[in-house]
Amino acid sequence: MKRTVAGLVILLLVLLLPLAVQNEFYQRIGALVLLAAISASAWNLIGGYAGQVSVGHAVYFGMGAYSALLVYTRLGWPPIAGAPLGVAVSLLLAALIGTPTFRLRGHYFSMATIAAAELIRILVSNWELLGAAVGLMGPAMPRSVADLSFTTPLPYYYLFAGVLAVLLGLTWWMQRSRMGYWLRAINGGDRAARSLGVPVLRYKLYALLLSAGFTALAGTLYAVMIGFADPESVLGILVSVKMLIMAALGGAGTLFGPLLGAAILVPLEEATNAIFGGSGTGITYVIYGAIILLIARFQPEGLLALPARLRAWRGRRRARAADAARPLPSATAAPDAENA
Amino acid sequence: MPEPLLEALGIVQAFGNFRAVDGADLTVHPGEIVGLIGPNGAGKSTFFNALAGDRIPTAGSIRFEGRDVTRATPEEHCRLGIARSFQVPVTFEDMTVAENVLVGAFLRHPHRDAAAAKVRELLEFTGLAPLAEAPARSLGTPGRKRLEICRALATEPRLLLLDEALAGLTPTEIRSAIELVRRIHSRGITLIIVEHIMEVILTLAHRAVVFNQGRVIAAGAPRQVVDDPKVIEAYLGRSLQRKRPR
């Protein structure tokens, strides 16, 4: 119940915020936050709930982006019409990449996904059809409203908010269903999950397909808004790492964690770009590195888990204080009897 | 004699040149409680893991309710009605006790409400109800072992394999665990238990099967088995008198 209310409050906030902020610069950042939240939330399905930390999601994002610009350059269609193609290619690639790599565990799985993504990036960098290293451009001038090329950020903002709402709605439903629990069980341990009848490989694949589909859609939306894609900007490893960090920062495996992570990191990135200009692109990597270190060391569950952790900490402290107030220190800790 | 529930024949589990299990047979009939005992390293747990589908045996065959399950995966074993606990409990640490059990209940009840009803019933049955909302990681060893049993029961097995489910418990905890196993048995579930603690085997098992060096060296009523000279020798070694040169 409390969660439903929190969800509604966030929804209202997302819908009304750009109307309160009339500045186009901030509205654009808002749109970028939502876009990043779509891909981070999509990553969260496999990386967060199922705990399979993919560092190769740029593949699906890139397929979505390239498909949009490909149908424009080759067929003259509006870029958004490339979405089904991007999703279809991503599902195919997800099945191809997922089937062998899901047999690997932990870091080995992550490394295999990096390898697969780099392979695709290098292939695309040398493929003339996709513009090779130069990349592809979208329509310079909007030809019709179908091109979704707007001069103000607001239409993008609401478009992205709509897609994000669908994705989060689906995630919410999944989280409560058998699939959600089974994915979390897989995250908790393959061996135990299998002993309870969870078809582990099949469910990992379901989660990856769902995740890859929405990541591709995010890629298409990116290409529609930015109007440009090259191997580095949509297939580079930083694209994958960003999804991962946003989800982990907010809380991997939670409904709103990726959105929170995006709401923190995107403005941060825009700010460093604004302050340091083009020479500051290296700073982004430094900041991401620092964030990874801090999350891994101090708060692996992400920021959303922070209140619960603080409550637990305060509870423990109160219990300790109560213990100390007792007249005699009683040895209640019974040693584990090993009298077998 | 009724049709056996489980029939394992000539099971061999080799790791390189070492045969951890070397041609072991086991037949279990419906309604039995069978205890697997033997000294450390006798191959009990390896044999047990072959029964649960965790590792495909190098040779031999396993039939469950007349169906060949030798090469079936652990999840297929569970689906067919063989559930298990682990020697070192592997609970889902980030979930509550009730959610852990829910994962198991979803196997037969895809719908949340039906699964949740099953969970409530089993938490009552195993005495975990007061801890339902506690995170699994807050449990100690006895709680974890109990949770694993509860979670396995949620998959509605006909055969339950318990791997040292009572090891590391205090005498009081052991008594309550024995009581739980009895109540599980009275639900019509057949059990195979691996146990170090002789008292448990003597009070619970209808039949004891003794492993030594990968082979079954004795089987029968627990009282008789523990008096078998071969069994005593496996546990304690040969008597000093006979070792002395004549």
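View 1. B:Asn212 has B:Arg215, in strand 10 of chain B, as its bridge partner. The model is predicted: local features need pLDDT of at least 70, side-chain atom pairs count only at pLDDT 80 or more, and totals for chains, interfaces and linings use all residues. Residues are numbered from 1 along each chain as its sequence is written, while chains are lettered from A and ligands numbered from 1 in the order in which they are written. Helices (H or I, at least four residues) and strands (E, at least two) are DSSP runs, numbered from the N terminus. Strand 9 and strand 10 (residues 215-220) of chain B run antiparallel and are joined by 5 bridges; two strands count as paired if DSSP finds at least two bridges between them. The hairpin they form has 2 residues between the strands, and B:Gln213 in the turn has a positive phi of about 45°.

**View 2. Strand 9 of chain B beside strand 3.** Strand 9 spans residues 207-212 of chain B, and 5 of its 6 residues are buried. A residue is buried if 20 or more other C-beta atoms, placed from the backbone, lie within 10 Å of its own. Strand 3 (residues 33-37) of chain B runs parallel to strand 9, with 4 bridges joining the two. Opposite B:Val210 in strand 9 stands B:Ile37.

**View 3. An open antiparallel sheet in chain B.** The sheet has 4 strands in the order 2-1-4-5. Its edge strands, strand 2 (18-28) and strand 5 (67-68), each pair on one side only. Strand 1 (residues 6-15) and strand 4 (residues 59-64) of chain B are joined by 5 bridges. In strand 4, B:Ala59 stands opposite B:Val12.

**View 4. Helix 1 of chain A.** This helix covers residues 2-20, 19 residues in total, and reaches 26 Å from its first C-alpha to its last. That is close to the expected 27 Å, where the expected span is 1.5 Å times one less than the number of residues. At A:Val14 helix 1 bends by about 30°, and A:Pro18 follows within four residues. The bend is the angle between axes fitted to the seven residues ending at a residue and the seven starting there.

**View 5. The contact between chains A and B.** In this view, 22 residues of chain A are in contact with 29 residues of chain B; contact requires C-beta atoms, placed from the backbone, within 7 Å. Helix 7 (178-188) and helix 8 (190-195) of chain A each supply at least two residues of the side that touches chain B. The largest share of that side, 6 residues, comes from helix 7 of chain A.

How values were computed
Contact = placed C-beta atoms within 7 Å. Buried ≥ 20, exposed ≤ 12 C-beta atoms within 10 Å, placed from the backbone.
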